[in-house]
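Walk me through this structure.

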Amino acid sequence: MNLRHVIESQQFTVPLLLELFDRTRRMEAVVARGGTKDYERRIMATLFYRSSTRTRFSFEAAMHRLGGQVLSTENGNEFSSAVKGESLEDTIRILGNYADVIVLRHTEEGGAHRASLVSPVPVINAGEGEGGQHPTQALLDLYTIHRECKTLNGLSVALIGALDVGRTARSLAYLLSKFERVKFWFIAPPEMQVKPDILAYLDKYRVQYELLSDPAKVLPTVDVVYQTRIDRERLQRRDIDLSVYNIDANVLRALKPNAVIMHPLPRSVEIDPAVDADPRAVYFRQARNGLFVRMALLSILFDRE
Ligand code: CP
């Protein structure tokens, strides 16, 4: 299949995901021996118009571990010629002369697609807009589920948080729906529920789901809890008790013994730090997997040119 640019989760087929995960396992071994020089002639540009810790650093670490070089700006709005009014399209055309791949975090939904239309080199969407997608986060999330649950079929998955704008949850829902007998529980305050585009996609592919505002009854039944932030400032009603969406010692007691607790991070109050020591809390391993998955993805893009 054509994987010139990585813009949205829907691009990935199950065979491609399994190829990516095979390669990701090999990248774990590559990192364990310090890296490789296989891609030493390659240059990656990271162009971020919004803040990032995990995505930018793990992409840059991935490129270094592959033996390549990195060009970077961590605040494109301040440190690129966007300040002088240069368009995203012109910036991409210019960077495409200097780098073999461009990793872009843009402020607007559709920014990565716009970039891909003019870029002479592959563009990777590193998260965009409010309610856009973050496909490489979904890839590392799916890889983590695959590693921790030993399967991607037949899983019951609770996605919790501000699901209308949660690009990581949105991208993960698209990816997981490619597997058999997956059931989603979308758990959010009603005004932050998942948007119709995801539900239409799930309906089209006959994927089971339910929308809930109270997680209490469902959490004891699920295999995966995918927790995300809820931005209180966005809520119209100030009386709503957001603590019902938090993971704490009480929730731990209710969860299945082999459930996994995930979070794309950064977290705020929605996961109590006391949860970190529980073996079901996998969010720091999940973040580490981002390095391996992004190495595998970059290598696939370079090898397919
Ligand atoms: N998960 C994630 O995208 O984190 P950053 O915003 O720190 O990159």
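The model is a predicted one. Begin with strand β8, residues 224-227. It pairs with β9 in the parallel sense, over three bridges.

Now look for helix α6, residues 135-149. This helix packs on the sheet and touches both β8 and β9. Its direction makes about 165° with that of β9.

Next, widen the view to the sheet. Five strands make up this open sheet, in the order β7-β6-β5-β8-β9, and their pairing is parallel. Which strands stand at the edges? They are β7 (208-212) and β9 (260-262). Each has a single partner strand, so one side of each is left without a neighbour in the sheet. On average, neighbouring strands are turned by 15° against each other, direction ignored.

Helix α7, residues 167-176, lies across β5 (156-160), β6 (183-187) and β8. It runs at about 160° to β5.

Finally, step back to the chain. It holds ten helices and nine strands. Its C-alpha trace spans about 55 × 45 × 40 Å along the principal axes. How does the radius of gyration fit a compact globule? For 305 residues, such a globule would have a value near 19 Å; the chain has 19 Å, so the two agree. Of these 305 residues, 57% count as buried. Take the contacts between residues at least 6 apart in sequence: 72% of them join residues at least 24 apart. The accessible surface comes to about 13500 Å², and 49% of that belongs to carbon and sulfur atoms.

Notes:
Residues are numbered from 1 along each chain as its sequence is written. This is a predicted model: local features need pLDDT of at least 70, side-chain atom pairs count only at pLDDT 80 or more; totals for chains, interfaces and linings use all residues. Side-chain values use heavy atoms; hydrogens and water are left out. Two strands pair if DSSP finds at least two bridges between them. Helices (H or I, at least four residues) and strands (E, at least two) are DSSP runs, numbered from the N terminus. Axes are lines fitted to C-alpha atoms, for helices over the stretch in contact, and angles run from 0 to 180 degrees between N-to-C directions. Contact means heavy atoms within 4.5 Å. The radius of gyration is taken over C-alpha atoms; the globule rule is 2.2 Å times the number of residues to the power 0.38. Buried means under 20% relative accessible area, exposed over 50%, partly exposed in between (1.4 Å probe, protein chains only). Accessible areas come from the Shrake-Rupley method with a 1.4 Å probe; for residues, only the protein chains shown count as cover.
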